[in-house]
Amino acid sequence: MKKLLALVLVLTMAVGLLAMSGTAFADGDNTLTVYAWDANFNIPALKAAEAAYQKVNPDFKLDIATQSGSSDVEQAMTLAGSSGDLSSLPDIVLFQDHFIQSYVADYPDCWMDMEDAGVNWDDFGAEKLSYSTIDGVHYGVPVDNGTAIFAYRTDVLEECGYTLADVTGISWDRWLEIARDVKDKTGYALLSMDHSGDDLPYMLMQAEGLSQWADGQPNFVDNEPLQRIIEVIVQGAKDGTILLANSWSEYCDQTIVGNQVAGVMNGNWIIPTIEQVADNSGKWGLTTLPTLDGGKEGYAANGGSSLYITGNCKNVELAKEFLAYTFGGGEGSMETYDNALRNGGVITCCISAGQSDVYQEGVEYFGGQAIYADIVGMGAFVPVIEQNDFHYTARTYIGNAITNIINGGDLMSELKDAQDQVEFEMG
């Protein structure tokens, strides 16, 4: 299926991408060209890295071609890899973690390894590195930290007789009890999710150290923990303690910014959305995820990307030195990530950079909690679980199963159907 898509993309995208590559890039021995997306998030992080590296190489310049989304970068790599012509590629690309392994396997000439770049790989959490490490070889340098948080309105919890400690290290059954109590006393749900792209099952499974996959195949029917997690989500949806929004905008604008929930669980990149409600400043705190049986804190991640050197890089040594110095635990990493946090909200994946004074500062919106240091610390404990190129396909069909179960469908029948659908799409 991917090969067929590649052929279509070659025919339909070549003109546009080649035109873009002809205008976006600057020449020069000290210039590196980059594809990235999100002018409010990843682009400020790259500009912070550029400024940090200019301290040791004043003539250095990053020529950033801002893409409309991550799919643009994926399409560019597909076009180049399937045609065998890498000339349209930049020196470096930002690439989504969940897709990189299949792209390196399908288009190996498109990527340069980072083995001799001088990156301190021990300075990163194992889960984050598991995406960009392929057959024991490091290909990318992690950028944005996708560690999941569970943020709560501490004032709402206190109104109901609870503290942040009461929702830390608990079981999901206990969480549902507290959530029902909060709902009854205040009207607030304690969690919401964009059900059109529902990441709850994945994150909750990862918090158990478990996967929806086994030996490269979907594992839904014989996966008791997954079944228990879906039962939690279904029960919460029926209780009104978990709101399953119909779209991303409904999730953000109505449930979070619209003050329908007193709890938010997602990758830490959701924090700027929480902070949009100025009147709630000082009323939030964050902690880890519940687990099925409790007695431990749950750690997970959702989202994230890394930087990769392409097979068309004109100055590989410069690219490696730049990435190692800025994002890879080098001398400029602390400065890079301090400014990336200040200007774009990007939280470091590099553990040592998270020890800076900036990361130790209390955040007023979160009641003075040093949330950024806490998030970096949490990221070191996210377990490595089996991933699959069909991650988003599984997400879709498990989400459909949850909808059907809420509406009266049988759990096991719906999971069997979901597994069959994923297996069919995998061919």
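A polar contact is a pair of N or O atoms within 3.5 Å; within protein, one must be able to donate a hydrogen and the other to accept it, and residues adjacent in sequence count only if both atoms are side-chain atoms. The model is predicted, so local features need pLDDT of at least 70 and side-chain atom pairs count only at pLDDT 80 or more, while totals for chains, interfaces and linings use all residues. Residues are numbered from 1 along each chain as its sequence is written, and side-chain values use heavy atoms, with hydrogens and water left out.

Stay with Asn312. Its place is the loop between β15 (305-310) and α12 (316-326). Helices (H or I, at least four residues) and strands (E, at least two) are DSSP runs, numbered from the N terminus. The backbone oxygen of Ser87 lies 3.4 Å from a polar atom of the Asn312 side chain. Contact in the wider sense means heavy atoms within 4.5 Å. Leaving aside neighbours within four places in sequence, Asn312 is in contact with Leu86, Ser87, Leu89, Pro90 and Asp91. Asn312 is buried, with a relative accessible area of 12%. Here buried means under 20% relative accessible area, exposed over 50%, and partly exposed in between (1.4 Å probe, protein chains only).

Next, the open space. On a 1 Å grid over the protein atoms alone, a pocket is an open set of points with protein on both sides within 12 Å along at least five of seven lines; a cavity is a set of points where a 1.4 Å probe fits but cannot get out; lining residues have an atom within 4 Å of a point. Grid points are joined across faces, edges and corners, and a volume is the space filled by probe spheres set on the points. The largest pocket has a volume of about 840 Å³. It is lined by 27 residues, and Trp37, Asp38, Trp248, Trp269 and Gly303 are the closest to its centre. β9 (191-194), α11 (271-274) and α16 (391-406) are the elements that give two or more residues to this lining. By class, the lining of the largest pocket has eight nonpolar, 14 polar and five charged residues. Ala, Val, Leu, Ile, Met, Phe, Trp, Tyr, Cys and Pro count as nonpolar, Asp, Glu, Lys and Arg as charged, and the others, Gly among them, as polar.

How many cavities of 30 Å³ or more does the structure hold? There are three. The largest cavity has a volume of about 140 Å³. Its lining holds 16 residues, and Glu127, Lys128, Asn145, Thr147 and Gly379 lie nearest its centre. α5 (126-132) and α15 (371-379) each supply at least two residues of that lining. The largest share comes from α5, with three residues. The lining of the largest cavity divides into seven nonpolar, six polar and three charged residues.

The second largest cavity has a volume of about 50 Å³. Asp198, Asp199, Pro201, Tyr202, Gln212, His391, Arg395 and Ile398 line it. Two or more of these lining residues come from each of α8 (200-207) and α16. α16 gives the most, three residues. This lining has three nonpolar, two polar and three charged residues.

Now look at α8 itself. Eight of its eight residues are buried, so α8 is largely enclosed by the rest of the structure. Just after α8, Gly209 takes a positive phi of about 80 degrees.

Positive phi also turns up away from glycine. Asp215 is not a glycine, yet has a positive phi of about 55 degrees. Asp215 sits in the loop between β10 (213-214) and β11 (217-218). It is exposed, at 78% relative accessible area. Asn259 has a positive phi of about 60 degrees, although not a glycine. Asn259 lies in the loop between α10 (248-256) and β13 (263-267). At 30% relative accessibility, Asn259 counts as partly exposed.

Asn40 lies between β1 (31-37) and α2 (42-53). Asn40 and Asn343 are 303 residues apart along the chain, and their C-alpha atoms are separated by 8.1 Å. Asn40 is exposed, with a relative accessible area of 64%.

Finally, the cysteines. The structure holds zero disulfides, a disulfide being a pair of cysteine sulfur atoms within 2.5 Å. Cys110 counts as buried at 1% relative accessibility. Cys160 is buried as well, at 6%.
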